[in-house]
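Hi everyone, thanks for coming.

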Amino acid sequence: MGLLRTMMPQKIQLLAVLAFGVAMLLIENQIQKLDEARDKLERTIARHEVAEVEQRHSEEGGGRESSPLAEKDDMVIIYNRVPKTASTSFTNIAYDLCGKNRFHVLHINTTKNNPVMSLQDQVRFVRNVTSWREMKPGFYHGHVAYLDFSKYSVRGKPMYINVVRDPIERLVSYYYFLRFGDDYRPGLRRRKQGDKKTFDECVSSGGSDCAPEKLWLQIPFFCGHHSECWNAGSRWALEQAKYNLVNEYLLVGVTEELEDFIMILEAALPRFFKGATDLYRTGKKSHLRKTTEKKTPTKETITKLQQSNIWKIENEFYEFALEQFQFVRAHAVREKDGELYVLAQSFFYEKIYPKVN
């Protein structure tokens, strides 16, 4: 009898553990179904919104044959935003301005946030961006790698812009974001929610979420869709990213100097960004997204990451981008009494021939 009494609680405990396990599997299954339903709903809503815009433009056109868009309205900007570089703060400004400045903002929502598009999606995307009159002028944003439009034999290329951040600071922010989220959507369940391990502890124990390979992101985002771009530590990818930054991007700012980036954009592209600087300085959404529970890593942690070749190459790209941005800024703004001011136009035309009688 005593043995029977001992075995009974053990059986009850085992059944309780099994019941708990089954319950967790059911809950995870329900969460997955809800996520799939939400994705399906978002896509349906997006298609409905597009249909409404196209119908409105069709009605405004009155059935007349389409006329060429004015140059200022035939503009497309692509912001292929790197995660955790203050991209949401900047994108919110575009959303706040689009009604007043009369342009469209479109989020490029890729499956599972995959930054690499399939070849067929590349062709579809390029055709959409270049020929979708109803969405011009347009501001496209999303976590996608650079795409070279000249490969697809289309007329007109979009203007690229972007923002980069110190590689280690970006990784630290992303690490805590996956665990604790941010103050933008505080109730949303994150992929690593429940993991209390600090970034320092992760690096010390050799964890995968803080490995040097996780630093490899800004270079491939600028490098593009070539396979070598995603080979962590590739110097070819570094040089290609540098080339694209200088030759294919109108402006690349840095997170640490975001206001200056916005000020220069407003001066260069007032069709989109008129009023952006004041909005950033005074608007409530300027710094809306802040990662929760983020802890500054120790010097020992930083030193350990800086010993990796991947950090050295990523940091070289960041320093290159920073130097280029500071060069552009030096020729675009001036400081007076602690405030930055955009320089007025400094060229004009003369000696115009032939003379008009």
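How many bridges join strand E1 (residues 76-79) to E4? There are 3 of them, and the two strands run parallel. Two strands count as paired if DSSP finds at least two bridges between them.

Before I go on, a word on what you're looking at. This is a predicted model, in which local features need pLDDT of at least 70 and side-chain atom pairs count only at pLDDT 80 or more, while totals for chains, interfaces and linings use all residues. Residues are numbered from 1 along each chain as its sequence is written, and side-chain values use heavy atoms, with hydrogens and water left out.

Now the overall numbers. The chain has 12 helices and 7 strands. Of its 357 residues, 39% count as buried. Buried here means under 20% relative accessible area, exposed means over 50%, and partly exposed is in between, using a 1.4 Å probe and protein chains only. The accessible surface comes to about 22,000 Å², with 54% of it belonging to carbon and sulfur atoms. Those areas come from the Shrake-Rupley method with a 1.4 Å probe, and for residues only the protein chains shown count as cover. As for contacts, meaning heavy atoms within 4.5 Å, take those with a separation of 6 or more: 74% of them are between residues 24 or more positions apart.

Okay, back to the strands. In which order do the 5 strands of the open sheet come? The order is E2-E3-E1-E4-E5, and the pairing is parallel. At the edges sit strand E2 (104-107) and E5, each pairing on one side only. From one strand to the next, the twist averages 20°. Angles like this run from 0 to 180 degrees between N-to-C directions, and axes are lines fitted to C-alpha atoms, for helices over the stretch in contact.

Let's go through some of the pairs. E1 and strand E3 (residues 138-141) are joined in the parallel sense by 4 bridges, and you can find Ile77 opposite Phe139 in E3.

Is strand E4 largely enclosed or open? It is largely enclosed by the rest of the structure, because 5 of the 6 residues in E4 (residues 159-164) are buried.

Which residues make the contact? On the H8 side they are Asp260, Phe261 and Ile264, and on the H12 side Phe325, Val328 and Arg329.

One more helix residue: Ala237, in helix H7 (residues 235-248). Ala237 counts as buried, because its relative accessibility is 0%. Setting aside neighbours within four places in sequence, Ala237 touches Trp216, Ile219, Cys223, Glu228 and Cys229.

The peptide bond from Lys136 to Pro137 is cis, with omega near -10°, and Pro137 is in the loop between helix H3 (119-131) and E3. Another cis bond joins Tyr353 and Pro354, with omega about -5°; Pro354 is in the segment after strand E7 (339-342).

Ser153, in the loop between E3 and E4, has a phi of about 55°, and Ser153 counts as exposed at 74% relative accessibility. Lys351, in the segment after E7, has a phi of about 50°, and Lys351 is exposed at 70%.

That's my tour, and I'm happy to go back to any part of it.
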